[in-house]
Amino acid sequence: MSTIEDRYAHVVEEVRKAALGVGRDPADIRIVAVSKTVGIDVVGEAVACGIHDFGENRAEVMMPKRAAWPNENWHFIGNLQTRKVRDIVGASCLIHSVDRAHIIPRLQDRAESLGIQQAILLEVNVSGEVSKSGFRPDEVEGVLQSFDEYPALLVQGLMTMAPQADEDVVRSTFRSLRELRDRLGTVRFGANVSLQHLSMGMSGDYRIAVEEGSTIVRVGRSIFSEDFAEV
Ligand SMILES: *Cc1c(COP(=O)(O)O)cnc(C)c1O
């Protein structure tokens, strides 16, 4: 039987190999352990293994874990329901899943009332699948321009999810997000917009994502599931 420690060490090693294989510094890639399927006690085991970044996709699941482990970094990666904005802003070190324009003023209002600047990523639907949320690639520039109006938000980059598909389709999805980021990197936006992060890659595809420039991988099953793990 493998342990969280074994499985996490394996993911760290795979990220390292993928990064070095394309001439990247492994230190530039942050691994977020997606703990959405495990309880507070398992998060505690992970913390004991030296894991400090956790990803959650539901506010009501994240909040009690965060209360139990307040010194860890809690990333929000799920569907951002309007009525949960109140809980998530301030509780999450980085909201990866800002996927529609009308949620942005809500995030701004909440962050402003807390007197904080909330770090976010814009989720982009690169593959265009109707089942996926996120901005269309051609919308992103205009959305980024609007952040002059939202000084309590700090845009740090883009996020995407690849389709369940062959490796070449997955790779081209990740590559497209990086190319979009590189192109937008030449455009002037407000001081609260930078595009240093690309959140892309999950258990099934994080190696490809790292090869294509990911700076944050969101890995759940490969760390927390005995069945899915490769060690
Ligand atoms: C669940 C989830 C992950 C992790 O997926 P695994 O396949 O378990 O690694 C990553 N990102 C998002 C947005 C998720 O919902």
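Ala, Val, Leu, Ile, Met, Phe, Trp, Tyr, Cys and Pro count as nonpolar, Asp, Glu, Lys and Arg as charged, and the others, Gly among them, as polar. The exercises below use these classes on a predicted model.

**Exercise 1.** Describe the second largest pocket by volume, central residues and residue classes.

Solution.
- Step 1: The volume of the second largest pocket is about 280 Å³.
- Step 2: The lining holds 14 residues, and those closest to the pocket centre are Ala162, Pro163, Gln164, Met202 and Asp205.
- Step 3: Sorted by class, the lining of this pocket has six nonpolar, four polar and four charged residues.

**Exercise 2.** Describe the largest pocket in the same way.

Solution.
- Step 1: The largest pocket contains about 440 Å³ of space.
- Step 2: It is lined by 23 residues, with Val34, Lys36, Asn57, Ile77 and Met161 closest to its centre.
- Step 3: The classes in this lining are seven nonpolar, eight polar and eight charged residues.

**Exercise 3.** Find the pocket that holds the ligand, then list and classify the residues around the ligand.

Solution.
- Step 1: The ligand sits in the largest pocket.
- Step 2: Around the ligand are Val34, Lys36, Ile77, Met161, Met202, Ser203, Arg218, Val219, Gly220 and Arg221.
- Step 3: This shell divides into five nonpolar, two polar and three charged residues.

**Exercise 4.** Which side chains place a polar atom within 3.5 Å of an N or O atom of the ligand, and how much of the ligand is buried?

Solution.
- Step 1: Ser203 has a polar side-chain atom 2.5 Å from a ligand oxygen atom.
- Step 2: In the side chain of Arg218, an N or O atom is 2.9 Å from a nitrogen atom of the ligand.
- Step 3: For Arg221, a polar side-chain atom lies 2.8 Å from an oxygen atom of the ligand.
- Step 4: The ligand alone exposes 380 Å², of which the protein buries 91%.

Note on methods:
Residues are numbered from 1 along each chain as its sequence is written. This is a predicted model: local features need pLDDT of at least 70, side-chain atom pairs count only at pLDDT 80 or more; totals for chains, interfaces and linings use all residues. Side-chain values use heavy atoms; hydrogens and water are left out. A residue is near a molecule or strand if one of its heavy atoms lies within 4 Å of it. A polar contact is a pair of N or O atoms within 3.5 Å; within protein, one must be able to donate a hydrogen and the other to accept it, and residues adjacent in sequence count only if both atoms are side-chain atoms. Accessible areas come from the Shrake-Rupley method with a 1.4 Å probe; for residues, only the protein chains shown count as cover. On a 1 Å grid over the protein atoms alone, a cavity is a set of points where a 1.4 Å probe fits but cannot get out, and a pocket is an open set with protein on both sides within 12 Å along at least five of seven lines; lining residues have an atom within 4 Å of a point. A molecule sits in a cavity or pocket if more than half of its atoms lie within 2 Å of its grid points. Grid points are joined across faces, edges and corners, and a volume is the space filled by probe spheres set on the points.
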